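Reader: I am new to this structure. Please pick one part and take me through it closely, then show me what surrounds it.

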Amino acid sequence: VDGLLRRELPIGADATALDISTAAVAAHNAAISELKRALLLNSAVSLALALAGSAILNRALHRRSRSLERVTEGAMAIAAGKLDQRLVTSSDDTRLFADSVNLLSARLREQLEREAESRQFNSFMRVAALLTHDLKNAINGLSLLVGNMEKFHEREDFRAEAMQALKDETVKLQNLVNRLSE
């Protein structure tokens, strides 16, 4: 730079002009140096802010990802039949989904309970129908026996058959009571 400044000065220019030129170059170099320091400082601050922002964003995404993983695990458990599983999330994005699945699984549990009660009731009704049929048959047999006893009581062979029929009907009724107890 000094060489350039010297060539531009007319021959015989005084030293003051040269000092001014040198001072201008020094001021220029100082300004450039100051700009370089400011650029370096700004770059460092920008890099630090970018790293901090990246860390914050990474943490938020990790939290959201973990929340989604918990919801997914819970939904898979519900799908596998664990209807008592409850989905819990801290993310607002998945909360509506989790609440909907929780409501759905609660309704499914209620429906399954109603169906189980209905099956139990139907089983009870089938057993009751069978028992009623067996009781009716036993009562009809005894009723017939009593009616015939009035007519044929004097006959010895009838009384022996009637006694055996009473024993058989008693055994049938005892078996019926045993089935009821089971």
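Author: Glu169 is buried, with a relative accessible area of 12%. Buried here means under 20% relative accessible area, exposed means over 50%, and partly exposed is in between (1.4 Å probe, protein chains only). The model is predicted, so local features need pLDDT of at least 70 and side-chain atom pairs need 80 or more, while totals for chains, interfaces and linings use all residues. Residues are numbered from 1 along each chain as its sequence is written, and side-chain values use heavy atoms, without hydrogens or water.

Glu169 sits in helix α4. Helices are DSSP runs of H or I with at least four residues, strands are E runs of at least two, and both are numbered from the N terminus.

Now the neighbours. Leaving out residues up to four places away in sequence, Glu169 touches Ala138 and Leu142. A contact means heavy atoms within 4.5 Å. Ala138 and Leu142 both belong to the α3 side of the contact between α3 and α4.

Glu169 also has a charged partner. Its salt bridge is with Lys172, and the closest N and O atoms are 3.5 Å apart. A salt bridge is a side-chain nitrogen of Lys or Arg within 4 Å of a carboxyl oxygen of Asp or Glu. Glu169 and Lys172 are three residues apart in helix α4, so about one helical turn separates them.

Step back to the two helices. Helix α3 covers residues 92-152 and helix α4 covers residues 156-181. They pack at an angle of about 160°, and their axes are 10 Å apart. The axes are lines fitted to C-alpha atoms over the stretch in contact, and angles run from 0 to 180 degrees between N-to-C directions. α3 and α4 are therefore roughly antiparallel to each other. Angles over 145 degrees count as roughly antiparallel, under 35 as roughly parallel, 65 to 115 as roughly perpendicular and the rest as oblique. The crossing of α3 past α4 is left-handed, a word used when the near helix is turned anticlockwise from the far one by less than a right angle; clockwise would be right-handed.

Who makes this contact? On α3 the residues include Leu130, Leu131, Asp134, Leu135 and Leu145. On α4 they include Phe158, Ala162, Ala165, Leu166 and Glu169 itself. By class, the contact has 15 nonpolar, one polar and three charged residues. Nonpolar covers Ala, Val, Leu, Ile, Met, Phe, Trp, Tyr, Cys and Pro; charged covers Asp, Glu, Lys and Arg; the others, Gly among them, are polar.

Asn148 is also in that contact. Asn148 belongs to helix α3. At 23% relative accessibility, Asn148 is partly exposed. It touches His153 and Phe158, with residues up to four places away in sequence not counted.

Met163 and Leu145 are 18 residues apart along the chain, and 9.6 Å separates their C-alpha atoms.

Back to the charges. The salt bridges number seven. One of them links Arg155 and Asp157, with the closest N and O atoms 3.2 Å apart. Arg155 is partly exposed at 42% relative accessible area. Asp157 is partly exposed too, at 42%. Elsewhere, salt bridges with shared partners join Arg66, Glu69 and Glu73 into one network.

Another salt bridge pairs Asp84 with Arg109, at 3.7 Å from N to O. Asp84 lies in the loop between α2 (15-79) and α3, and Arg109 in helix α3, so the pair ties together parts that are 25 residues apart in sequence. Asp84 is exposed, at 66% relative accessible area. Arg109 is partly exposed, at 26%.

Helix α3 also holds Asn102. Asn102 is buried, with a relative accessible area of 5%. Residues up to four places away aside, it touches Gln85, Arg86 and Leu87.

Finish in helix α2, where Leu49 is found. Leu49 is exposed, at 59% relative accessibility. From C-alpha to C-alpha, Leu49 and Asn140 are 97 Å apart, and they are 91 residues apart in sequence.
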